[in-house]
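Colleague: I'm new to this one and would like to learn how to read it. Can we go through it together?

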Amino acid sequence: MLKRCFKVLTGIVALTLLIISFSAINAHASSHMRTPIDYHRSSETVPYPSSQVTHSKDFWVRVRINKCRAYLMKGNRPVYTMYCSAGKLENKNGKKVSATPTGTFHIQEEHGKTFYNPSAKSGGNYYRSWNGHGDYLFHSVPIDKNGNYIKSEAAKLGKEPASHGCVRLTIADAHWFYQHVPVGTKVVVEN
């Protein structure tokens with residue numbers, strides 16, 4: 001009987017810790033978020049993580065396509081949340097699938113201050129590759145061929161998946177990401 005009570009108590013403690021951890025993630029994600037969303041400014045009203053955090057072994061990036069959020073993680077704890085818009089949903093074999101691949105990737109060496117893709121009729125600023133050596137990027141909200149931000153696309157940021165497969169960020173977030181997230185950083189992309 002004592003063994004059974006101990007197992008039940010252990011299960012309750014484990015469940016409580018899981019709930020607290022989940023609550024902490026959600027509390028962080030909403031407590032400092034800038035509302036309404038301003039595609040020019042940082043997503044949160046608090047400072048970005050320090051270089052001690054971004055250069056530690058347990059720093060990584062988690063992208064949630066359907067939640068339109070990118071989380072800068074230290075271990076299992078989010079330290080900063082960014083509004084994002086990843087790949088728009090497409091119908092494939094009767095299922096809605098994002099144009100953004102899911103799985104585990106790493107920040108690659110390809111990066112730059114600006115790019116423009118004539119076939120997509122858009123580009124972005126402050127880009128960092130995370131898959132396909134330039135095929136999939138983190139970058140700012142889209143720009144047109146003249147370098148102007150496309151306001152209709154920027155309005156989707158943090159609200160709906162909208163890209164051709166890249167992960168779009170606010171201008172400020174993309175600039176910080178471009179400057180501070182090291183090559184080799186793990187990136188986990190989930191629906």
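Colleague: Let's start with the strands. How many bridges join E1 to strand E11, and do they run parallel or antiparallel?

Modeller: Keep in mind that this is a predicted model. To read a pairing, count the bridges and check the direction. Here E1 and E11 (residues 186-190) run parallel, with five bridges joining them. In that pairing, valine 61 stands opposite valine 187 of E11.

Colleague: And in which sense do E1 and strand E2 pair?

Modeller: Antiparallel, over six bridges, with E2 covering residues 69-74. Valine 61 turns up here too: its bridge partner in E2 is leucine 72.

Colleague: Is strand E1 largely enclosed or open?

Modeller: Look at how many of its residues are buried, meaning under 20% relative accessible area. In E1 (residues 59-64), five of the six are buried, so the rest of the structure largely encloses the strand.

Colleague: What should I look for in the backbone angles?

Modeller: Most residues other than glycine have a negative phi, and most peptide bonds are trans. Cysteine 68, in the loop between E1 and E2, has a positive phi of about 55° without being a glycine. Asparagine 93, in the loop between strands E4 and E5, also has a positive phi, near 55°.

Colleague: Which of those counts as buried, and which as exposed?

Modeller: Cysteine 68 counts as buried at 2% relative accessibility, while asparagine 93 counts as exposed at 83%.

Colleague: Where is the cis peptide bond?

Modeller: From threonine 35 to proline 36, with omega near -5°. Proline 36 lies in the loop between helix H1 and helix H2.

How values were computed. Residues numbered from 1 in each chain as written. Predicted model: local features only at pLDDT ≥ 70, side-chain atom pairs only at ≥ 80, totals over all residues. Heavy atoms only, no water. Buried < 20%, exposed > 50% of the residue type's maximum accessible area, 1.4 Å probe, protein only. Helix = DSSP H or I, 4+ residues; strand = E, 2+ residues; numbered from the N terminus. Pairing = 2+ DSSP bridges.
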